[in-house]
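Please have the sequence and the structure open while reading.

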Amino acid sequence: MKLLITGIAGFIGHAVAKRLAGQGHEIVGIDNLNDYYDVALKQARLDDLADCQDVRFERLDLAERAAVAGLFEAEGFDRVIHLAAQAGVRYSLENPHAYADANLVGHLNVLEGCRHGRVGHLVYASSSSVYGANDKVPFATSDNVDHPISLYAATKKANELMAHTYSHLYDLPTTGLRFFTVYGPWGRPDMAMFKFTRAVLAGEPLPVFNHGDMSRDFTYIDDIVEGIVRILDVVPERRPRAAVEAGSPDTGTAPYALYNIGHGSPVALMDFVRAVENATGREAVCDFQPMQPGDVPRTWADTEALFEATGYRPRIGVEEGVHRFVEWYREYYKV
Ligand SMILES: NC(=O)c1ccc[n+]([C@@H]2O[C@H](COP(=O)([O-])OP(=O)(O)OC[C@H]3O[C@@H](n4cnc5c(N)ncnc54)[C@H](O)[C@@H]3O)[C@@H](O)[C@H]2O)c1
C-alpha cells in the first residue's frame with residue numbers, strides 16, 4: 001500500500017514509520033519541522049529513518065491548502081495516518097492560533113485530500129484531553145465530551161466532528177484514536193517523562209503539579225504503535241440505521257470509528273516519579289506546584305473496544321517503560 005504519515009518527524013510519527021518500514025509499503029512522510037520543541041530531535045528522528053528505503057520525507061505545512069491538495073493529487077495514497085498537530089495543553093493558552101492553523105485548517109486540508117484522493121482509510125490522532133475534567137472513570141468513547149477545558153482539547157474534539165462529517169458525506173472511512181499520555185524513547189521534551197528525567201539527572205528540582213495529586217494512564221510508545229498499525233486494517237463500514245438508534249453517542253451510520261488507545265490503568269504521578277528515581281538511581285527533588293490551568297487531574301482509558309477490534313492489549317508496564325526511556329535518554333544525550 002501507499003501510505004502517508006503526517007508528523008513523521010514527531011514522537012509517534014517516527015515510531016510508526018519505523019514499525020511499518022520494510023513491510024512492503026511505500027511510505028511518504030511529511031512534517032513542517034516547526035520549533036515548538038528542539039528541532040534537532042525532530043531531525044535526529046528523520047536521520048534514524050534515513051536507512052529505510054521505502055520511506056520518503058517531504059517538508060510540508062499542512063495548513064498550506066494548495067500544497068496539501070497537490071501532494072494528495074500527485075501521490076494517490078491508499079491510507080493515511082494523520083499525526084501532525086500542535087500538541088500540548090499548556091502551550092495552547094499562550095499560542096491559540098498555532099492550534100487553529102495545524103489542528104483545524106491542517107486537519108481540514110487532510111480531510112479534503114482524502115476525499116478527493118479517494119483514500120481507503122484515514123486514521124488520525126485525537127486525545128484523552130477531550131474528556132476534560134470528567135469524573136466518571138474509566139473514560140469511555142460513549143461518555144459526554146462536550147466540556148473541553150483547553151483549546152487543544154477543543155481542536156481535538158473538533159477533529160472528530162469534522163472526520164464524522166466527511167465519513168457521512170463522502171463515504172470516507174475514518175478512525176480517530178484518543179491517545180493517553182504516550183511516553184518512551186524518542187519522546188517529547190515538553191512532556192513529564194522527559195522533564196522529570198532531565199531534572200533528576202541534572203540534580204535540579206522537578207515541577208510536580210497539583211502537589212502530586214494527579215494520575216495518568218501512561219502508555220508506552222510500542223503499545224501505541226501496535227494499536228495504530230492494527231487499526232489501520234480495521235476499516236470502518238457504513239452501518240444500518242438501526243445501529244444508530246440503539247447505540248451510544250459514538251455510533252452512527254457513517255463509516256466512522258473512534259477508540260481510546262491507552263494502557264488501561266492509571267498511575268499516580270508520585271509513583272511515576274518513583275519509577276524515574278529507580279531507573280536513574282537518583283533521588284528526585286520535587287517542586288510541588290498548584291494545578292495548571294487547562295490541565296486535568298486524571299486520565300484512565302477504557303480500552304475494551306480497541307481490544308475487541310484488534311485483539312491487542314498493551315504489554316509494557318510503567319517500571320519497564322520508564323527504564324527503557326531512561327536508557328535511551330542517557331545514550332542519546334550522553335549523560
Ligand atoms: N504524545 C502524547 O502523549 C499524545 C497524547 C494525545 C494526543 N497526541 C496526539 O498525537 C499526535 C502525535 O503526537 P506526538 O506526541 O508525536 O507530537 P509531536 O509534536 O512530537 O509530533 C507532531 C509533529 O507534527 C508536526 N507538525 C505540527 N504542525 C504541523 C503542520 N502544520 N504541518 C506539518 N507538520 C506539522 C510537528 O513538527 C511534529 O513533528 C498529535 O496529533 C498529538 O496531538 C499525542
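At what angle do α1 and helix α8 pack, and how many Å apart are their axes? In this predicted model, α1 and α8 (residues 221-232) meet at an angle of about 65°, and 10 Å separates their axes. The crossing of α1 past α8 is right-handed. On the α1 side, the contact is made by Ile12, Ala15, Val16, Arg19 and Leu20. On the α8 side, Ile221, Ile224, Val225, Ile228 and Val229 take part. Sorted by class, this contact of α1 with α8 holds 9 nonpolar residues, 1 charged residue and no polar ones.

**The sheet**

An open sheet is built from 7 strands, with parallel pairing, in the order β3-β2-β1-β4-β5-β6-β11. Because β3 (55-59) and β11 (256-261) are at the edges with a single partner strand each, one side of each has no neighbour in the sheet. From one strand to the next, the twist averages 20°. Within this sheet, β5 pairs with strand β6 (residues 174-179) in the parallel sense, over 6 bridges. Leu122 is placed opposite Thr174 in β6.

**The ligand shell**

Which elements each supply at least two residues of the shell around the ligand? They are α1 (11-20), α5 (96-116) and β5 (121-127). Of the elements, α1 gives the most, with 3 residues. In total, 27 residues surround the ligand, and the closest are Gly7, Gly10, Ala85, Ala125 and Phe179. By class, the shell has 14 nonpolar, 9 polar and 4 charged residues.

| Site | Backbone feature | Location |
|---|---|---|
| Val137 and Pro138 | cis peptide bond, omega about -10° | Pro138: loop between β5 and α6 (151-170) |

The peptide bond joining Val137 and Pro138 is cis, and Pro138 belongs to the loop that runs between β5 and α6.

**The annotated span**

What feature does UniProt place at residues 4-234? The unreviewed UniProt entry gives "domain: NAD-dependent epimerase/dehydratase" for these residues. In the model, 17 Å lies between the end C-alpha atoms of residues 4-234. This span is 43% helix and 18% strand.

Definitions and conventions
Residues numbered from 1 in each chain as written. Predicted model: local features only at pLDDT ≥ 70, side-chain atom pairs only at ≥ 80, totals over all residues. Near = placed C-beta within 6 Å. Helix = DSSP H or I, 4+ residues; strand = E, 2+ residues; numbered from the N terminus. Nonpolar A, V, L, I, M, F, W, Y, C, P; charged D, E, K, R; others polar. Pairing = 2+ DSSP bridges. Axes fitted to C-alpha atoms, helices over the stretch in contact; angles between N-to-C directions. Left-handed = near helix turned anticlockwise from the far one by under 90°. Contact = placed C-beta atoms within 7 Å. UniProt positions renumbered as here; feature names shortened; annotations may be inferred.
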